[in-house]
Protein chains: 2
Amino acid sequence: MATGSEGMEDVRMRGFRERASVEATLTSALDGVQPLPFEQLSVTECAGRVLATDVQSEVDVPPFRRATMDGFAVRAEDTYGASDYEPVFLDLTTSSMPGRDEGEPISHGAAGPIMTGAPVPRGADAVLRAEDATERGGRLEVTAPVAKAKNIGRIGEDVKTGSKILSSGRLLLPQDAGLLASVGVDPVQVYRRPVVRIIVSGDELLPPGDKPDGFKIVDSNSPMLAALVSRDGGIPQVVRLPDDAHEMRRALALPGADVIVTAGAASVGREDRVPLLVGELGELLVHGVSMRPSSPTGVGRIDGRPVLLLPGNPVSCLVAYDFFAGPVIRVMGGRPSQWPYTSVTLPLRKRLVSQIGRTDYARVLIVDGEVEPVAISGASVLSSVTRASGFVVIPAGLEGYGEGTDVEVHLYEAAGQL
Amino acid sequence: MATGSEGMEDVRMRGFRERASVEATLTSALDGVQPLPFEQLSVTECAGRVLATDVQSEVDVPPFRRATMDGFAVRAEDTYGASDYEPVFLDLTTSSMPGRDEGEPISHGAAGPIMTGAPVPRGADAVLRAEDATERGGRLEVTAPVAKAKNIGRIGEDVKTGSKILSSGRLLLPQDAGLLASVGVDPVQVYRRPVVRIIVSGDELLPPGDKPDGFKIVDSNSPMLAALVSRDGGIPQVVRLPDDAHEMRRALALPGADVIVTAGAASVGREDRVPLLVGELGELLVHGVSMRPSSPTGVGRIDGRPVLLLPGNPVSCLVAYDFFAGPVIRVMGGRPSQWPYTSVTLPLRKRLVSQIGRTDYARVLIVDGEVEPVAISGASVLSSVTRASGFVVIPAGLEGYGEGTDVEVHLYEAAGQL
């Protein structure tokens, strides 16, 4: 801003007169960013976390010959030829129950009641289905034959000792937690979740929970950013500050966070001192990006920690988070850098206009299987991203997309909520 | 099972000789199930929860005329005709800063420095961009004109007092939390999360964290089910029991849960007493479903609470959860009953065989854009659902799908993890 100090002029010269591309900014943001060291977690808590090592099974699953049906452990050949018209009779022995020792060995002409999951007694080589036999006068009337090995789970059939069951980098699903528990893996090594310090600043900001009052507005960025950070696997740590250089410097320099995200005070106005402070405390790598909204976005490093300078306008803040902060946080937590949005490809009902040399993030609605831009008046309109179905990115090389063009819409809504 | 008591025979007659369809079972499971009453939550904690009321804004956003750019508050007509060659000079007044009172009124020939978000002083009707003016000798040299109303956010332009900003049933996104905070909504009314008691039983079960030992296996169902319940918005409450009727009865009847999910002891074997107990304590509505895997699934009610009887085999347990327990839990929490999986439609590389009259849940892999069945040996093979990309449902009316058929694959992996 023309009334600014010389320092501000410097920033403006470096940043806003020569804006970085979205691609170059993302490269700067991700430069040197690695997954954090792993931590140990109980197998009952590991679902939703990212596995930090390959996992081999130390056991066979099943660890013993196991019945896969309720029925009778038999020697298969004893049942051959059995039918409703010509049943075969076998002598009943003791039962095999899950978790107990296998029943007495099955000899020729014998049948042992057995439950699903129970160990198959020695001597038996098949489990006859309960439906194919009836207890009658203390003996078992068999009315159908069973083939050798039928209804028996072999040792190591599911998982063999030493085999890899899950790979490093896997976002653990509910069934993965089950599998890990079943082979006795505990604790599980997962990537540590990055602690993300969210610094919002502005004399005009009231804390969330307050009502807007006079010229004071309520901070909407910190609850939004905290939820985004949680979604991306990070642990949010919110710090709200007035426009005060001393406090901002302290919040930027304080240890205890893996990533720093600031919202507001990142433009070239008089109070926009965050870029200057980042340059002073560390390095300001990018300031000003060729995109709309969110051009007053910056990227830096302080003590090796990534610092993402997001605009204070709520929509710009969301967009800049998604383009630059989200990937950094996800990669640190061992996740892929890609957007966590599902997308659909649908035709445009109205053209989307952009400008060559600038990446545009257009909020759109899906109406009757077609895509239309959300009518908006400005970047500050948070309701435009709560009304939108999602967004379309128009790359810097294009002037927009014409009516009828198929475009990829990234959906805000969670999977299953469509 | 033929060696069972008369009671077991009853169950078998009711359940397994006449299996219910998947559709009828789901109807029974969801019968009378409603979203739970709402609870109040701080706006900073509401993201990811489901809104239980429509929300109207009690304020205008913006609540005052707001600068949407850094620059100078002016009377637009004063700048008309200004250019680099014929600049216009204006007198600088005091600055307008966000959160403070508007600066002194702008009279003819004056310009007031103003920051984004700051209130526009009376008298001014436009904000001139900082780039279009330079401070020179205490005056402002204006080198481009600005149109009336430009770069000013009107009162109520984003959100008008009394307008509906979010609808009941909305799964709150990060930006929704921001919007709610900005209009001063706090607390937020969201549906209470259902408490889901997960009862696993079996003498053969060791707790997760233990190593499998002899004929004892580790309970893999409770960590899997707890993660599924959390995914679906419920609060899991795990209870692990030996095969003991007294303890099972107690766990089924105890208050303090909104839904009961049992795993294991739900078949027709001797120890499979859960169906009997549910019938005794309440109602057993369905026992035995025409599906594979998971046919020994049941649905009941105890004191009006839904009870879902899932098989003990881990894969069957997962499948029955997804078909019947998940929808109940999601609906109670105000979510849609649909699967929370994204899906893709791709051609089959190999045919998928099923049986008329039975719904099949086939685990599949996506390989080079084609779908192929996961080679499996049994329903107990949890590794089949950790190796699979997802599953295909073959409806009861079909014998399967032929090679080359386009099938819908429901993806296990979370959005963004593909």
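User: What makes residues of chain B count as being in contact with chain A, and how many are there?

Analyst: Two residues are in contact if their C-beta atoms, placed from the backbone, lie within 7 Å. By that test 93 residues of chain B are in contact with 93 residues of chain A. This is a predicted model, in which local features need pLDDT of at least 70 and side-chain atom pairs count only at pLDDT 80 or more, while totals for chains, interfaces and linings use all residues. Residues are numbered from 1 along each chain as its sequence is written, and chains are lettered from A and ligands numbered from 1 in the order in which they are written.

User: Which element gives the largest share of the side of chain B that touches chain A?

Analyst: H3(B) does, with eight residues. Helices (H or I, at least four residues) are DSSP runs, numbered from the N terminus.

User: What makes H7(A) largely enclosed by the rest of the structure?

Analyst: A residue is buried if 20 or more other C-beta atoms, placed from the backbone, lie within 10 Å of its own. In H7(A), 19 of the 19 residues are buried, so the helix is largely enclosed.

User: Where is the kink in H7(A) centred?

Analyst: The kink, of about 50°, is centred on A:Tyr321. The bend at a residue is the angle between axes fitted to the seven residues ending there and the seven starting there.

Conventions: Helix = DSSP H or I, 4+ residues; strand = E, 2+ residues; numbered from the N terminus. Buried ≥ 20, exposed ≤ 12 C-beta atoms within 10 Å, placed from the backbone.
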